[in-house]
Amino acid sequence: MINLDWKNLPFGYVKTKYNVRCYYRNGAWGELEISSSEDINMHMAATALHYGQEAFEGLKAYRGKDGKIRLFRVEENANRMANTAAYIRLAIPTVDLFVNAVKKVVQLNAEYVPPFESGASLYIRPLLIGTGPQVGVKSSDEFLLIIFVTPVGPYYKKGFSPIDIVIERDTDRAAPLGTGHVKVGGNYAASLPAQEKAHNLGYAAVLYLDAREKKYIDEAGTANFFAIKNNTYITPDSTSILPSITNKSLMQLAEYLGMKVERRKISVDELSSFEEAGACGTAAVISPINKVDDRENKKTYQFCKDCKAGPVSQKLYEHFIGIQYGEIPDPFNWVTILEEK
Ligand SMILES: *Cc1c(COP(=O)(O)O)cnc(C)c1O
């Protein structure tokens, strides 16, 4: 294993040895290539650069107590990338191509998968871009799938810590029938003004409402929203939120642990009736929400007592990471154990 200060890794980019690449040319995907370059060479008129023809994914590899490397629901990421690719007219990588490429890049960089004790993990970033030149608005006919990895520190350095978020009404992240349901970089560019404003006001994230009525909760910009009430896990149903794999898994886990699950519209007013609220995604699994501020209406919805996560969020979180790190049996078959070569 490489010698890194595992316990103090930031949540940022650290160079590793290899990335993998696959080119789509003349109507077909080529062989998976191994690269040790951090650069991409492409035409200056590439559609990814001009028209945002770009899809990405994010997942992690975890080293268990037994020393084995685990991937979490990698086929789900493959399917989601295929959906995104289909929507923005990128060439679609098959599930096999995607999964094999993820396995390969992790195996090649196995020495960068942090040790169990550190609480750190290996972040995996697949990127799919249109690389062919176009000046008119048209899909590229050449594409590149590239996957790199980078070790990242535990999201919560001081344990599971609740965040403050703010409702945003001045800008929208995604339109009701736009690209909110697919994982494209453009959604993130569109969210930068609101995120910057929120950060300047001291909030960790923005809570977006549905763009049409500004009445229902969509998501937190980089993470889905959920709430807990009467032993029920409640999460929004909307055409403009990204289907989070963490959220999908938490719904399954909640049901498995004897809770009810509701996926439906959630109005802002309903926030006052929830016992707990959280944001969920690969990066942190669950970020418990301390409070949601609605500045326009001078309202604050408070969830945490003494700045501590609620018991249900705590239980879901511990069970979830227990499965990811192989400490708790995996009744769902979510985990793939990777062979180390
Ligand atoms: C990736 C992403 C999430 C989280 O999805 P996971 O699969 O749980 O990591 C949530 N919202 C948006 C907008 C995203 O891009």
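The model is a predicted one, so local features need pLDDT of at least 70 and side-chain atom pairs count only at pLDDT 80 or more, while totals for chains, interfaces and linings use all residues. Residues are numbered from 1 along each chain as its sequence is written, and side-chain values use heavy atoms, with hydrogens and water left out.

To start with the ligand, it sits in the largest pocket. A pocket here is an open set of points on a 1 Å grid over the protein atoms alone, where a 1.4 Å probe fits, with protein on both sides within 12 Å along at least five of seven lines; sitting in one takes more than half of the molecule's atoms within 2 Å of its grid points. Around the ligand there are 15 residues, of which Lys183, Tyr188, Ser244, Thr246 and Thr282 come nearest (a residue is near if one of its heavy atoms lies within 4 Å). As for polar contacts (pairs of N or O atoms within 3.5 Å), tyrosine 188 has a polar side-chain atom 2.5 Å from a ligand oxygen, and glutamate 219 has one 2.6 Å from a ligand nitrogen. Isoleucine 245 instead uses a backbone N or O atom, 2.9 Å from an oxygen of the ligand. The protein covers 96% of the 380 Å² of accessible area that the ligand has on its own (Shrake-Rupley method, 1.4 Å probe).

Glutamate 219 also turns up in a salt bridge, with arginine 173 at 3.0 Å, N to O. A salt bridge is a side-chain nitrogen of Lys or Arg within 4 Å of a carboxyl oxygen of Asp or Glu, and the structure holds 16 of them. Arginine 173 sits in the loop between β9 and α4 and glutamate 219 in the loop between β10 and β11, 46 residues apart (strands are DSSP E runs of at least two residues, helices H or I runs of at least four). Arginine 173 is buried at 8% relative accessibility, and glutamate 219 is buried at 3%; buried means under 20%, exposed over 50%, and partly exposed in between (1.4 Å probe, protein chains only).

Lysine 214 and aspartate 172 pair up too, at 2.4 Å, N to O. Lysine 214 lies in the loop between β10 (205-208) and β11 (224-229) and aspartate 172 in the loop between β9 (163-168) and α4 (185-200), so the bridge ties together parts 42 residues apart in sequence. Lysine 214 is partly exposed at 23%, as is aspartate 172 at 34%.

Elsewhere, arginine 264 bridges to glutamate 270, with the closest N and O atoms 2.8 Å apart. Shared partners join Lys229, Glu262, Arg264 and Glu270 into one network.

Methods:
A polar contact is a pair of N or O atoms within 3.5 Å; within protein, one must be able to donate a hydrogen and the other to accept it, and residues adjacent in sequence count only if both atoms are side-chain atoms. On a 1 Å grid over the protein atoms alone, a cavity is a set of points where a 1.4 Å probe fits but cannot get out, and a pocket is an open set with protein on both sides within 12 Å along at least five of seven lines; lining residues have an atom within 4 Å of a point.
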